[in-house]
Amino acid sequence: MADSAETRKLVYLVTGGCGFLGEHVVRMLLQREPRLYELRVFDLHLGPWLEELKTGPVQVTAIQGDVTQAHEVAAAVAGAHVVIHTAGLVDVFGRASPETIYEVNVQGTKNVIEACVQTGTRFLVYTSSMEVVGPNIKGHPFYRGNEDTPYEAIHRHPYPCSKAQAERLVLEANGRKAMWPGCTCWPKSWSSELR
(Lines give C-alpha, C1' and ligand atoms only; values in the text may rest on other atoms or scores of the structure.)
Protein backbone atom coordinates (compact mmCIF):
# COMPACT_ATOMS: atom_id res chain seq x y z
CA MET A 1 0.00 0.00 0.00
CA ALA A 2 1.39 3.39 -0.94
CA ASP A 3 2.18 5.84 1.84
CA SER A 4 0.30 8.91 0.61
CA ALA A 5 -0.66 12.22 2.20
CA GLU A 6 -4.33 11.14 2.07
CA THR A 7 -3.74 8.21 4.43
CA ARG A 8 -1.83 10.37 6.93
CA LYS A 9 -4.27 12.82 8.45
CA LEU A 10 -3.98 12.77 12.26
CA VAL A 11 -2.34 15.47 14.36
CA TYR A 12 -0.96 14.40 17.73
CA LEU A 13 0.40 16.61 20.50
CA VAL A 14 2.68 15.22 23.20
CA THR A 15 3.09 17.54 26.19
CA GLY A 16 6.38 16.97 27.98
CA GLY A 17 7.53 15.41 24.73
CA CYS A 18 11.22 15.84 25.57
CA GLY A 19 11.01 14.17 28.96
CA PHE A 20 11.91 10.54 29.64
CA LEU A 21 8.42 9.16 28.93
CA GLY A 22 7.51 11.80 26.38
CA GLU A 23 10.48 11.07 24.14
CA HIS A 24 9.60 7.37 24.10
CA VAL A 25 5.98 8.19 23.23
CA VAL A 26 7.12 10.50 20.41
CA ARG A 27 9.42 7.86 18.92
CA MET A 28 6.78 5.14 19.29
CA LEU A 29 4.15 7.25 17.51
CA LEU A 30 6.53 7.89 14.62
CA GLN A 31 7.13 4.16 14.29
CA ARG A 32 3.64 2.80 14.90
CA GLU A 33 0.98 5.34 13.87
CA PRO A 34 0.56 5.05 10.09
CA ARG A 35 -2.04 7.83 9.92
CA LEU A 36 0.20 10.41 11.59
CA TYR A 37 0.43 13.63 9.59
CA GLU A 38 1.85 15.99 12.21
CA LEU A 39 3.43 15.30 15.59
CA ARG A 40 3.72 18.29 17.89
CA VAL A 41 6.27 18.04 20.68
CA PHE A 42 5.52 20.55 23.45
CA ASP A 43 8.04 21.01 26.25
CA LEU A 44 9.65 23.66 28.41
CA HIS A 45 13.09 22.48 27.27
CA LEU A 46 13.40 21.17 23.71
CA GLY A 47 15.94 18.42 23.08
CA PRO A 48 18.47 18.58 20.22
CA TRP A 49 17.39 15.06 19.17
CA LEU A 50 14.22 16.60 17.69
CA GLU A 51 16.20 17.92 14.72
CA GLU A 52 16.85 14.40 13.41
CA LEU A 53 13.09 13.72 13.39
CA LYS A 54 12.30 16.69 11.16
CA THR A 55 13.68 14.98 8.05
CA GLY A 56 11.19 12.09 8.05
CA PRO A 57 7.86 11.72 6.27
CA VAL A 58 5.87 13.04 9.28
CA GLN A 59 5.85 16.74 10.07
CA VAL A 60 7.44 17.07 13.53
CA THR A 61 6.75 20.44 15.11
CA ALA A 62 8.79 21.40 18.19
CA ILE A 63 6.95 23.86 20.44
CA GLN A 64 8.74 25.39 23.41
CA GLY A 65 6.13 26.10 26.03
CA ASP A 66 5.01 25.73 29.62
CA VAL A 67 1.94 23.75 30.69
CA THR A 68 1.35 26.28 33.47
CA GLN A 69 0.65 28.93 30.83
CA ALA A 70 -2.90 28.35 29.58
CA HIS A 71 -2.47 30.43 26.40
CA GLU A 72 0.63 28.47 25.37
CA VAL A 73 -1.15 25.17 25.92
CA ALA A 74 -4.24 26.33 24.00
CA ALA A 75 -2.11 27.40 21.03
CA ALA A 76 -0.33 24.03 20.95
CA VAL A 77 -3.57 22.02 21.28
CA ALA A 78 -5.50 23.89 18.56
CA GLY A 79 -6.15 21.55 15.66
CA ALA A 80 -4.82 18.41 17.37
CA HIS A 81 -6.89 15.24 17.17
CA VAL A 82 -5.12 13.53 20.08
CA VAL A 83 -3.28 15.01 23.05
CA ILE A 84 -0.99 12.76 25.08
CA HIS A 85 -0.25 14.59 28.31
CA THR A 86 3.07 13.37 29.71
CA ALA A 87 4.28 16.73 31.06
CA GLY A 88 4.81 16.77 34.79
CA LEU A 89 7.19 17.58 37.56
CA VAL A 90 8.40 14.32 39.11
CA ASP A 91 9.70 14.94 42.61
CA VAL A 92 9.99 12.03 45.02
CA PHE A 93 12.94 13.50 46.94
CA GLY A 94 11.36 16.78 48.04
CA ARG A 95 13.58 19.08 45.98
CA ALA A 96 10.79 21.19 44.45
CA SER A 97 8.37 23.31 46.45
CA PRO A 98 4.83 21.94 46.92
CA GLU A 99 3.52 25.05 45.16
CA THR A 100 5.63 24.41 42.06
CA ILE A 101 4.63 20.74 41.97
CA TYR A 102 0.96 21.71 42.20
CA GLU A 103 1.31 24.39 39.53
CA VAL A 104 2.88 22.01 37.01
CA ASN A 105 1.01 18.79 37.75
CA VAL A 106 -2.46 20.01 38.70
CA GLN A 107 -2.82 23.45 37.09
CA GLY A 108 -0.93 22.23 34.02
CA THR A 109 -3.39 19.34 33.66
CA LYS A 110 -6.33 21.74 34.11
CA ASN A 111 -4.88 23.87 31.34
CA VAL A 112 -4.58 20.85 29.03
CA ILE A 113 -8.17 19.73 29.77
CA GLU A 114 -9.56 23.22 29.19
CA ALA A 115 -7.58 23.62 25.97
CA CYS A 116 -8.98 20.32 24.68
CA VAL A 117 -12.53 21.39 25.55
CA GLN A 118 -12.14 24.88 24.09
CA THR A 119 -10.59 23.71 20.82
CA GLY A 120 -12.76 20.64 20.33
CA THR A 121 -9.93 18.12 20.69
CA ARG A 122 -11.70 14.83 21.22
CA PHE A 123 -9.03 12.59 22.73
CA LEU A 124 -6.82 13.12 25.76
CA VAL A 125 -4.49 10.46 27.07
CA TYR A 126 -3.19 11.28 30.55
CA THR A 127 -0.12 9.63 32.03
CA SER A 128 -0.43 9.27 35.76
CA SER A 129 2.01 7.75 38.25
CA MET A 130 2.31 4.59 40.31
CA GLU A 131 2.60 6.95 43.27
CA VAL A 132 -1.16 7.55 42.97
CA VAL A 133 -2.07 4.01 44.02
CA GLY A 134 0.22 3.34 46.91
CA PRO A 135 0.69 2.64 49.65
CA ASN A 136 -2.81 2.10 50.99
CA ILE A 137 -4.01 3.03 54.49
CA LYS A 138 -2.48 -0.18 55.88
CA GLY A 139 0.83 0.40 54.10
CA HIS A 140 0.26 -2.40 51.60
CA PRO A 141 1.39 -1.96 47.99
CA PHE A 142 -0.99 -2.08 45.02
CA TYR A 143 -0.71 -5.59 43.61
CA ARG A 144 -2.24 -7.02 40.43
CA GLY A 145 -5.02 -4.50 40.15
CA ASN A 146 -6.49 -2.45 37.37
CA GLU A 147 -8.36 0.86 37.08
CA ASP A 148 -11.48 -0.71 38.62
CA THR A 149 -9.74 -2.17 41.69
CA PRO A 150 -10.86 -0.32 44.85
CA TYR A 151 -7.85 1.04 46.66
CA GLU A 152 -7.57 3.58 49.46
CA ALA A 153 -4.19 5.22 49.02
CA ILE A 154 -2.67 7.74 51.39
CA HIS A 155 -0.71 10.59 49.85
CA ARG A 156 1.52 12.36 52.32
CA HIS A 157 3.92 14.03 49.91
CA PRO A 158 3.28 16.78 47.35
CA TYR A 159 4.15 14.76 44.24
CA PRO A 160 1.70 11.84 44.72
CA CYS A 161 -0.95 14.29 45.99
CA SER A 162 -0.61 16.37 42.84
CA LYS A 163 -0.73 13.36 40.52
CA ALA A 164 -3.82 12.00 42.32
CA GLN A 165 -5.53 15.40 42.01
CA ALA A 166 -4.66 15.67 38.32
CA GLU A 167 -5.87 12.13 37.67
CA ARG A 168 -9.21 12.97 39.33
CA LEU A 169 -9.54 16.05 37.10
CA VAL A 170 -9.05 13.93 33.98
CA LEU A 171 -11.50 11.26 35.16
CA GLU A 172 -14.09 13.93 35.99
CA ALA A 173 -13.64 15.45 32.52
CA ASN A 174 -14.21 12.09 30.80
CA GLY A 175 -17.15 12.55 28.45
CA ARG A 176 -17.33 16.31 28.97
CA LYS A 177 -18.74 18.04 25.94
CA ALA A 178 -16.27 20.06 23.93
CA MET A 179 -17.14 23.58 22.91
CA TRP A 180 -17.43 22.59 19.26
CA PRO A 181 -20.76 20.86 18.50
CA GLY A 182 -20.61 17.13 18.01
CA CYS A 183 -17.33 16.56 19.86
CA THR A 184 -17.09 14.53 23.02
CA CYS A 185 -13.85 14.28 24.93
CA TRP A 186 -12.14 11.08 25.96
CA PRO A 187 -14.36 8.09 25.32
CA LYS A 188 -13.23 4.93 27.06
CA SER A 189 -12.31 3.26 23.78
CA TRP A 190 -10.62 6.20 22.07
CA SER A 191 -8.31 4.19 19.83
CA SER A 192 -11.19 2.45 18.06
CA GLU A 193 -12.88 5.78 17.31
CA LEU A 194 -9.81 7.11 15.51
CA ARG A 195 -10.19 4.44 12.82
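The side chains of Arg-27 and Glu-52 meet in a salt bridge, 3.3 Å from N to O (a salt bridge being a side-chain nitrogen of Lys or Arg within 4 Å of a carboxyl oxygen of Asp or Glu). Arg-27 belongs to helix H1 and Glu-52 to helix H2 (residues 50-53), so this pair ties together parts that are 25 residues apart in sequence. Arg-27 also meets Glu-23 in a salt bridge, at 3.0 Å from N to O. Both Glu-23 and Arg-27 sit in helix H1 (residues 20-32), 4 residues apart, which is about one turn of the helix. Taken together, Glu-23, Arg-27 and Glu-52 are linked in a network of salt bridges.

How covered are these residues? Glu-23 is partly exposed at 24% relative accessible area, and Arg-27 is partly exposed at 26%. (Buried means under 20% relative accessible area, exposed over 50%, and partly exposed in between, with a 1.4 Å probe and protein chains only.) Elsewhere, Arg-35 and Glu-33 form a salt bridge of 3.1 Å, N to O, and Glu-33 counts as buried at 11% relative accessibility. The count by this rule comes to 5 salt bridges.

## About the model

This is a predicted model, in which local features need pLDDT of at least 70 and side-chain atom pairs count only at pLDDT 80 or more, while totals for chains, interfaces and linings use all residues. Residues are numbered from 1 along each chain as its sequence is written, and side-chain values use heavy atoms, with hydrogens and water left out.

## The chain as a whole

The protein chain has 6 helices and 5 strands, running β-α-β-α-β-α-β-α-β-α-α from the N terminus on. Helices (H or I, at least four residues) and strands (E, at least two) are DSSP runs, numbered from the N terminus. Of the 195 residues in the chain, 41% are buried.

## The parallel sheet

The 5 strands form an open sheet with parallel pairing, in the order E3-E2-E1-E4-E5; two strands pair if DSSP finds at least two bridges between them. Strand E3 (59-64) and strand E5 (123-126) stand at the edges with a single partner strand each, so one side of each is left without a neighbour in the sheet. On average, neighbouring strands are turned by 15 degrees against each other, direction ignored. Axes here are lines fitted to C-alpha atoms, for helices over the stretch in contact, and angles run from 0 to 180 degrees between N-to-C directions.

Strand E1 (residues 10-15) pairs with strand E2 (residues 36-43) over 6 bridges; Leu-13 stands opposite Arg-40, and Val-14 opposite Val-41. E2 is mostly covered, with 7 of its 8 residues buried. E1 also pairs with E4 over 4 bridges, where Thr-15 stands opposite His-85. Another 4 bridges join E4 to E5, and there the partner of Ile-84 is Val-125.

## Around strand E4

Which way do the residues of E4 point? Val-82 and Ile-84 point one way, Val-83 and His-85 the other, and all are buried. Helix H4 (residues 98-119) lies across E1, strand E4 (82-85) and E5, at about 175 degrees to E4, where contact means heavy atoms within 4.5 Å.

Phe-93 is placed in the loop between E4 and H4, and it counts as exposed at 65% relative accessibility.
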